[in-house]
Each structure stands twice: as C-alpha cells, then as structure tokens.
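I open this notebook to record what I looked up in one structure. The entries are kept brief.

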Amino acid sequence: MNLEEIKKYLKEYNGPELKIMEVCGSHTGAIAKNGIPGLLSDRIHLISGPGCPVCVTPSSYIDRLIDLCLTPGNCVVTFGDLIRVPGSRMSLQQASGRGGNVRMVYSPMDIFPMAHKDPDTTFVFAAVGFETTAPVYALMAQQILEDHIENVKLLTALRTMPGIIDRLCAQGADIQGFLAPGHVAVVTGSKVFEPLAAKYSIPFGVAGFTGAQILTALCGIVMACERMQGGCSRVMNFYPSVVTREGNTEAQKLVDRYFDRSDAVWRGMGMVPDSGRLLRGEFAQLDAGSRGLNEDHKINAGCCCDKVLMGRMKPTQCPLFGKVCSPLRPQGACMVSTEGNCYTYYVNHRE
Ligand code: SF4
C-alpha cells in the first residue's frame, strides 16, 4: 500500500474499537506534531504510555542527586530536562539556587574534560534512560576504568521496556496493540517484544519517527487486529532501515558487561520486576549510590502522572492540566520533559 492508501484505510476503518498504545515518548511527540490522531477513524484510539525516562524516575533518585549536589566537593552533571523534575523536597534547579553544584551537558562524555580540569571535585553523572542510552553509560564506565579516572561516577536510573509493558498487560490494560519504540529496538532488536506478544496475544509494530513511518506501523497493527480478532501475537518491524530482529549485539554485550538486570521502581507505579539495570557489584566504585533508591513520594496530591503514564488517563483529564500545571509551572514530571505526555499534549494541543 502507498501512503495515500494507508491514510484512506486508517480513516475509513470501521471494525471493532481499537486502543493502541505508543510506548515511547518520542512517538508521543511525533504523533502530536504530525497531527496523526486527526488522520484516524474515530474507532482507533491512541494512548500514550510510560516511555519517557525522566517522567518515570522516582523521587528518591532526584532526592539523592540533590543531596549529592549540595555536598561540598561534588558536582552533579545532567541533561537539561531532569533539572526541573520535582523531588520530594525540591528540584535540582531549586537546589542549584541554594548553592548546589549542578551542570548541564548535551553529551555524557562532556563530563570527562570537566573532571580533568577539576580533579578535586567528584563529578556524578545522572544516568537516566532506557535501553537506548544504556550503551553510552557502559562506554562511560569503560572509559573511567581504562583511564583510571577517580573523580567521575554514575548515579543510574536505567529502565527497560519489557518489564513495564508486562506490568501493563498483566494488570489487564485495555490495549489491543503496541506501537513499539524504534530507538529501543535498534539496540535490543525486535525480538525483545516477541515473548510479550505471545504471552498476551497482542501485536507489536516497531515504528520509526516520521509521520509516514508511524502511519505505516499503525496500519499494520490495525490490519493485524482486524484479521486476527481472536488475538494476534505478531511482532512486525516497520523500521527495517535501522532495526533488525537481533538488534545491536555489540551494544548488548557492552551493557551486559557493566550492568546487571534488576527490579526497579517507576514513578507512581511502584516496584516493577526485572525492569531496570544497575552497575554490577564488581564496579561498585563507579556507583554514586544507585542501589536502594526505592522510595517514591507523591509530589503533588492532585497530580495524576501515574495514571497518565499507564495509559489510564489522558493528560487533559488531569484536573490540574493547563490550570495550575503547565510547562512553566510543572506540578509533575510528565509536564517537564519534552518527551512527557502532559508536556506534549499541552504544547501541541494534541486533543
Ligand atoms: Fe501531573 Fe501536571 Fe500531568 Fe496533571 S497535568 S498529571 S499534575 S504533570
């Protein structure tokens, strides 16, 4: 089918109502920017999921970063969007205003020249992310060890996709298909979704990030649902230019060398088995205290980030959305990150 035929099929679809979750925050943004909901039949509903790493990081992790940056002799180094995420007491931005040492970078590797210039300071990188960024943190660990760098450490909050999708499905989420994250699948390979597709008889379509790529994947998922109404356990790769079934095996080996699989706490969702990564015990000297960050305080009583991230509520259904909560005055993590569901709905008027 060409793109016009795909658009016609999706607009004129008249089968059973379908709810399709886009798991990845980048897809949430791309769907909004490309106006994709308006191109679909009103029987196809897109639901945003838990795929924004900053949004799912628990408050205890932010609190630990704040303690580190306020301790003389330390500097916390981070990407920009983490800086405004609320912890249980304050955000990193507020800690910085109170004398905390916080620096923003665009690449994790920027930490090395800083550490070289200032050997009396311990630089802690806020290593937050999914399978996509884990290989970069493994490279950092490798460089620290190879160059005998003693003043760079990692505070990790690494999360992995299959565990949280399993949690969603096990809790009986009303979802008939998944638009699977293309970035993650570049590293893991599309095979990572096969056990989930088989266990829950749900189709997965691995998608790229242009409007045409997303529409093509949606078309494949909808067709699979329509043809296999008793359940479909297929994983379809609609991003073959960069995704293979096996993924990037070198990156996988590198990550396995430095990181163990672990249970992990997700903001608002509690402990999810086998959904994270921690530095292996033999590399404990690189770790700035990532183990045991299990507490997750609710920051704002009215914030519904947990429900939004699990696809149980649209951002616009949160009573605070657009009233007291906006990108300028975020009340929850989902309104902070550019990949956050609430931010994306607010900025792009996705409704
Ligand atoms: Fe939380 Fe704000 Fe989103 Fe509501 S709109 S769920 S308060 S981030």
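**Entry 1: basis.** I note that this is a predicted model, in which local features need pLDDT of at least 70 and side-chain atom pairs count only at pLDDT 80 or more, while totals for chains, interfaces and linings use all residues. Residues are numbered from 1 along each chain as its sequence is written, and side-chain values use heavy atoms, with hydrogens and water left out.

**Entry 2: domains.** I looked up how the chain is divided and found domain 1 (1–291 + 298–305) and domain 2 (306–347); the bounds come from an automatic or database domain assignment. The centres of the two domains, taken over C-alpha atoms, are separated by 17 Å. To their contact, domain 1 gives 34 residues and domain 2 gives 25 residues, where contact means heavy atoms within 4.5 Å.

**Entry 3: H1 and H10.** Helices (H or I, at least four residues) and strands (E, at least two) are DSSP runs, numbered from the N terminus. I examined helix H1 (residues 3–12) against helix H10 (residues 211–227): they pack at an angle of about 50°, and their axes are 10 Å apart. Axes are lines fitted to C-alpha atoms, for helices over the stretch in contact, and angles run from 0 to 180 degrees between N-to-C directions. H1 and H10 are therefore oblique to each other; angles under 35 degrees count as roughly parallel, over 145 as roughly antiparallel, 65 to 115 as roughly perpendicular and the rest as oblique. The crossing of H1 and H10 is left-handed, a term used if the near helix is turned anticlockwise from the far one by less than a right angle. On the H1 side I listed Leu3, Ile6, Lys7, Tyr9 and Leu10, which meet residues of H10 including Leu215, Cys219 and Met223. By class, this contact of H1 with H10 has ten nonpolar, one polar and two charged residues. Ala, Val, Leu, Ile, Met, Phe, Trp, Tyr, Cys and Pro count as nonpolar, Asp, Glu, Lys and Arg as charged, and the others, Gly among them, as polar.

**Entry 4: H6 and H11.** At what angle do the axes of H6 and H11 cross? I found roughly 60°, with the axes of H6 and helix H11 (residues 249–258) coming within 9 Å. H6 passes H11 in a left-handed crossing. Among the contact residues are Ala138, Leu139 and Gln142 of H6 and Leu254, Val255 and Arg257 of H11.

**Entry 5: positive phi.** Most residues other than glycine have a negative phi. I recorded a positive phi of about 55° at histidine 148, in the loop between helix H6 (134–146) and strand S6 (152–159). Histidine 148 is exposed, at 67% relative accessible area (buried means under 20%, exposed over 50%, partly exposed in between, with a 1.4 Å probe and protein chains only). Aspartate 274 has a positive phi of about 50° and is found in strand S11 (residues 270–279). Aspartate 274 is partly exposed, at 33%.

Entry 6: Is serine 262 buried or exposed? Serine 262, in strand S10 (residues 259–266), is buried at 13% relative accessible area. Leaving out residues up to four places away in sequence, serine 262 touches Asp274, Ser275, Gly276, Arg277 and Leu278. Alanine 288 sits in the loop between S11 and helix H12 (305–309) and counts as buried at 6%. Its contacts beyond four places in sequence include Arg64, Val124 and Leu154.
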